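Dear colleague,

I am passing on the structure below, together with some notes on what turned up when I went through it. Please read them with the coordinates open beside you.

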Amino acid sequence: MHTLFFSPGACSQASHIALIEAGLPFELKRLKLKEGEQRGDDFLKVNPKGRVPALVTERGTLTETPAILGYIAQMAPEKQLAPLDDPFDLARMQAFNSFICSTVHVNHAHGPRGSRWADEPTSLEDMKRKVPQTMRDSFRLIEDGMLVGPFVMGEAYTVADIYLYVMSSWLKSDGVDIAEFPRVEDHFRRMSERPAVKAALAAEAVA
């Protein structure tokens with residue numbers, strides 16, 4: 001049994017969807033980020049970073065979405081959620097997930113989480129104003145070259161598609177119309193119809 005610490009709509013949603021796709025047994029533990037539960041003593045014992053996701057396994061706790069997604073794919077190889085038998089393609093998938101984690105997510109976080117990087121109100125406002133531009137720049141790269149199509153890796157559905165779906169779901173709140181990126185929009189629409197995505201969204205709505 002795995003335990004996923006999550007917050008509805010956060011990046012932890014990718015791990016949630018992946019666990020369902022993989023068919024792995026798990027339970028959910030919700031954290032109320034706006035109330036600061038991620039900084040509480042109980043959770044800091046689980047993840048001293050004070051962030052979601054955190055996946056508790058029988059061997060210990062994993063953090064960071066790319067690592068968790070890779071673990072889930074390897075725990076259910078029969079589901080083929082990653083190109084585990086091709087070192088180059090696996091590295092390509094990990095490069096995509098790393099870009100999402102290190103660049104796209106950070107661009108988004110400059111809006112609601114600007115206090116991680118600055119204190120001055122003028123600095124925080126400047127970061128917020130920049131978010132639509134940086135998110136557009138990131139998604140232009142995805143649209144024009146990183147989304148091979150119909151899935152991130154081409155014909156094969158992988159955990160990278162789950163991660164892209166979650167980031168795409170944030171575009172509206174970042175002041176970006178997903179319709180600016182037709183291939184990403186089509187990917188998001190198709191992902192929205194997957195049973196695992198629907199199940200995760202339903203679970204997070206009532207958790």
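Setting aside neighbours within four places in sequence, phenylalanine 5 is in contact with Ser12, Lys29, Leu31, Phe43, Val46, Val52, Pro53, Ala54 and Val56. Please bear in mind, here and throughout, that this is a predicted model. Phenylalanine 5 is placed in strand β1, and because its relative accessible area is 14%, under the 20% limit, phenylalanine 5 counts as buried. One of the contacts listed above, Lys29, is also the bridge partner of phenylalanine 5 in β2. By contrast, methionine 153, which lies 148 residues from phenylalanine 5 along the chain, has its C-alpha atom 28 Å from that of phenylalanine 5.

Strands β1 and β2 pair in the parallel sense over five bridges, and the chain passes from β1 to β2 through helix α1 (residues 12-22) in a β-α-β crossover that is right-handed. Taken as a whole, the sheet is open and mixed, with four strands in the order β2-β1-β3-β4. Its edge strands, each pairing on one side only, are β2 (26-30) and β4 (60-63), and from one strand to the next the twist averages 20 degrees. On the β4 side, β3 (residues 54-57) and β4 are paired in the antiparallel sense over four bridges, with valine 56 standing opposite threonine 61 of β4. Helix α3 (residues 65-75) packs on this sheet, where it touches β1 (2-6), β3 and β4, and its direction makes about 120 degrees with that of β4.

The contact is made by Phe139, Ile142 and Glu143 on the α5 side and by Pro182, Arg183 and Val184 on the α7 side. Sorted by class, the contact between α5 and α7 has four nonpolar and two charged residues, and no polar ones.

As for phi, glutamate 64 has a positive value of about 75 degrees although it is not a glycine. This glutamate is found in the loop between β4 and α3, and at 38% relative accessibility glutamate 64 counts as partly exposed. Glutamine 80, in the loop between α3 and α4 (87-109), likewise has a positive phi, near 55 degrees, in a residue other than glycine. Because its relative accessible area is 60%, over the 50% limit, glutamine 80 is classed as exposed.

Notes
Residues numbered from 1 in each chain as written. Predicted model: local features only at pLDDT ≥ 70, side-chain atom pairs only at ≥ 80, totals over all residues. Heavy atoms only, no water. Pairing = 2+ DSSP bridges. Helix = DSSP H or I, 4+ residues; strand = E, 2+ residues; numbered from the N terminus. Axes fitted to C-alpha atoms, helices over the stretch in contact; angles between N-to-C directions. Contact = heavy atoms within 4.5 Å. Nonpolar A, V, L, I, M, F, W, Y, C, P; charged D, E, K, R; others polar. Buried < 20%, exposed > 50% of the residue type's maximum accessible area, 1.4 Å probe, protein only. Right-handed = clockwise from strand over helix to strand, strands pointing away.
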